[in-house]
Every structure is written in structure tokens, then in C-alpha cells.
Amino acid sequence: MAARSLFDTRVIAASQRFGAWRESIGVIFDVNPGQTYAPEEFDARVESLMFDGLVMNRCQSRAQSFDRPVSRFAADGLDHYMIQLLLHGGVTMSRGRRTLRARAGAVIGFDLADVLDSANDDFDVLSLFIPRRRLAPLLTHPDSLHGNMIDTGAGAGRLLADYLRSIYQTAPQMEEAECAVTADVLLRLISMAFNAADIEDTDPPDWADQTILVNARTVMRDRLHDPDLGVEDIAKRLGVSRARLYRAFSNTGGVMETLREKRLRRCFTDLVSPSQAHYQIAEIAYRSGFSDPASFARAFRARFGISPSEARMSSHARHSLNAGSGALDRSYEAWIASIG
């Protein structure tokens with residue numbers, strides 16, 4: 001069954017709402033209000049689902065800007081696509097020398113490993129967060145999805161928009177096996193829609209080390225299970241020098257720090273996933289390259305503020321969360337940060 005969370009600023013004092021929202025959505029974006037609000041005029045609501053390693057949320061809020069500068073994605077290492085269906089409102093997005101405008105009904109692709117500079121009207125959107133490794137192999141132009149829109153008036157685009165709405169309504173009632181099949185169909189439908197779109201494949205990278213960073217993270221993802229994976233091995237696989245690899249990761253905290261972060265995020269995802277509940281915590285750690293359970297537990301607590309067993313126990317409570325309870329639940333932040 002899909003895990004659920006609800007973040008709704010209306011349960012806190014009006015004076016605290018925008019600050020709470022900025023801190024929460026800060027897991028992905030830098031935000032600024034689109035206008036000066038009286039405190040009681042602002043609210044934000046995010047109802048989220050996590051199923052089969054994907055995160056979907058419906059976000060409703062006031063006009064504001066969403067930015068994701070180079071410094072942000074170089075530091076947080078989120079290597080996801082975000083597919084967004086605008087239910088209400090519009091978005092204006094800068095993409096190199098182009099300015100794009102999307103209105104209600106549009107489906108837009110975003111690459112969270114790329115610069116984002118956008119402004120939303122008052123909005124209601126469905127967003128789907130997909131680890132790059134799940135979708136990129138299905139795309140004809142995996143590095144050119146950012147800022148591209150799908151025609152939802154007919155064909156695959158219409159099917160995709162309808163399917164996204166349907167999943168949001170039905171996923172909370174689906175069993176684990178149904179979630180897996182639904183996710184597979186969804187990814188194939190997304191790829192069909194974007195592969196049929198007129199996508200330009202000529203946009204240059206937004207920063208010089210993009211290729212090295214993306215490819216190095218792919219090596220890390222594929223070798224997370226190997227406790228001996230190190231800088232020398234990664235550099236050799238990429239065909240670059242150690243110095244060049246270190247330089248590419250200079251703004252992220254370092255090569256091995258990035259690898260450690262990916263391992264911890266993978267463990268977090270597995271610990272809160274119902275499909276992994278039958279594995280012992282030590283097995284999950286071992287599969288992500290941690291050979292010593294005690295050092296893994298210390299690293300996990302230092303990163304997430306709770307122990308691995310506490311993460312697993314709290315996930316059971318979240319799975320049965322009643323979305324109408326009005327809780328200020330920030331679980332979706334950890335879900336987005338940990339999938340990969």
C-alpha cells in the first residue's frame with residue numbers, strides 16, 4: 001500500500017506559515033513569495049504518496065517563485081526527474097535564452113540536475129518525482145527533458161494526464177503488487193509521451209562538470225553494494241584523472257562524501273518501503289556497501305537524526321496515516337531526498 005503524508009500550513013499560526021513552507025519545500029527548491037502577503041493570506045498544502053520508489057504529491061499554494069541554482073543541486077545531489085501536471089494556474093520558466101509559459105492542463109518535464117528559474121501563479125499541481133535511473137533508460141533524449149511540455153489534448157499526452165489523476169485518487173488503496181505494476185505502466189507512458197514530443201537535444205550543459213557528476217553518480221548507484229568502491233575506481237571507469245574527478249565534486253562536499261550520502265539515502269528508502277520490510281536492517285545496510293552494522297547505525301543517526309530501527313518503525317505509522325487528520329507531516333521531504 002502507498003505510504004501517505006499531509007503537510008498543511010493551515011494547522012499552524014498564520015505568522016509561521018510561509019516560514020514553515022520555505023523550510024519544508026527547501027528540500028528541493030529556494031522559494032520566494034510572488035507578492036507581499038498578509039500572514040493570513042498564505043497557505044500551502046502538500047498531500048504526498050510514495051509507491052514503488054516513486055513520490056507523487058498534490059501541492060496547492062499561492063503565487064511564488066521556485067529556483068534551483070547550480071549551488072543547490074551540486075550540493076544536494078538530487079538526481080531525479082519531476083513530471084508536473086498543472087491542475088490550476090500557470091508557470092513561467094526561463095530555459096537558457098528561452099522563456100516558456102505553461103497553463104492549466106499542461107504536463108511539463110523538469111530535470112532536478114539542472115538549473116530552474118520559474119514563477120508560478122496561485123497553483124494546484126500534481127508532481128511526480130522519479131529517480132533518473134528509473135526513467136532515463138526509456139527516454140530517447142534523457143538529458144533534454146528539462147522544460148519540455150507535452151500536448152495533453154490527444155494521444156499519449158492525454159493518456160498520461162488522465163493516468164496521473166487516476167493514480168493520485170487510487171494509489172492509497174492499492175496493494176504492493178498493484179503499486180509496482182502501476183509504476184511500471186506510468187514510466188512507460190511518460191517515456192512514450194516525451195519521446196513523441198519535439199524535444200531539442202542541443203541545449204549545452206549549465207555547468208562544466210555536469211557530465212562528470214552525472215556519470216559518476218551513475219557509477220556510484222550501480223556499485224553501491226561494493227564497500228571497496230573508491231575515487232580511483234570511479235575515475236578509471238569515467239576515463240578521467242583523480243584530480244579532475246575531485247574538481248568536479250568540489251562544490252558537493254567531495255567524492256566519497258557524495259557516495260556515502262547516496263548509500264545512506266538508499267538505506268533510508270529501503271527501510272521505509274513496505275516491499276523491503278522482510279529484510280533485516282543489517283541486510284539492507286550490507287546491500288548498500290556498509291560492512292559494519294555499528295558504523296552504519298552511527299552514520300544513519302548522524303545523517304537523519306534517528307536510528308535505522310526508528311526509521312522503520314515510524315514508517316509503519318506513516319503507512320496508516322489518515323490524510324484528513326490535518327497533521328503537519330514532513331515525511332515527503334525525506335522520501336524525495338532518499339529515493340534514488
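In this predicted model, five strands make up an open sheet whose order is β2-β5-β10-β7-β8, and the pairing within that sheet is antiparallel. The edges are taken by β2 (30-33) and β8 (98-102), each of which has a single partner strand, so one side of each is left without a neighbour in the sheet. From one strand to the next, the twist averages 20°.

Within this sheet, strand β10 (residues 116-120) runs antiparallel to strand β7 (residues 91-95), and the two are joined by four bridges. Strand β10 also pairs with β5 in the antiparallel sense, here over five bridges. Asn120 of β10 is the bridge partner of Val91, and Asn120 is likewise the bridge partner of Gln64. The residues of β10 divide between two faces: Leu116, Ser118 and Asn120 belong to the covered face, whereas Asp117 and Ala119 belong to the uncovered one.

Strand β5 contains Ser65, a residue with a relative accessible area of 19%, which counts as buried because the cut-off for that class is under 20%. When neighbours within four places in sequence are set aside, the contacts of Ser65 are Asp30, Val31, Asn32, Ser118 and Ala119.

Helix α1 (residues 17-25) lies across β2 and β5 (64-68), and the direction of the helix is at about 155° to that of β2.

A further open sheet has seven strands in the order β1-β3-β4-β11-β6-β9-β12, again with antiparallel pairing. Its edge strands are β1 and β12 (149-150), each of which pairs on one side only. Helix α1 packs on this sheet as well, where it touches β1, β3 and β4 and makes an angle of about 145° with the direction of β1.

The loop between β1 (3-8) and α1 holds Val11, which is partly exposed, with a relative accessible area of 43%. Although Val11 and Leu328 are 317 residues apart along the chain, their C-alpha atoms are separated by 7.0 Å.

The model also contains helices that pack against one another, and two such pairs share helix α9 (residues 255-272). The table sets out their geometry.

| Helix pair | Angle between axes | Distance between axes |
|---|---|---|
| α9 (residues 255-272) and α13 (residues 331-338) | about 125° | 8 Å |
| α9 and α11 (residues 293-304) | roughly 90° | within 11 Å |

The angle for α9 and α13 is about 125°, and the two helices are therefore oblique to each other; α9 passes α13 in a left-handed crossing. On the α9 side, the residues that meet α13 are Arg265, Arg266, Phe268 and Thr269, and their counterparts in α13 are Ala334, Ala337 and Ser338.

With axes that cross at roughly 90°, α9 and α11 are therefore roughly perpendicular to each other. That contact is made by Arg260, Glu261, Leu264, Arg265, Cys267, Phe268 and Leu271 of α9, together with Phe296, Ala299, Phe300, Arg303 and Phe304 of α11.

With a disulfide taken as a pair of cysteine sulfur atoms within 2.5 Å, the count for the model comes to zero disulfides.

Notes: Residues numbered from 1 in each chain as written. Predicted model: local features only at pLDDT ≥ 70, side-chain atom pairs only at ≥ 80, totals over all residues. Heavy atoms only, no water. Pairing = 2+ DSSP bridges. Axes fitted to C-alpha atoms, helices over the stretch in contact; angles between N-to-C directions. Contact = heavy atoms within 4.5 Å. Buried < 20%, exposed > 50% of the residue type's maximum accessible area, 1.4 Å probe, protein only. Parallel < 35°, antiparallel > 145°, perpendicular 65-115°, else oblique. Left-handed = near helix turned anticlockwise from the far one by under 90°.
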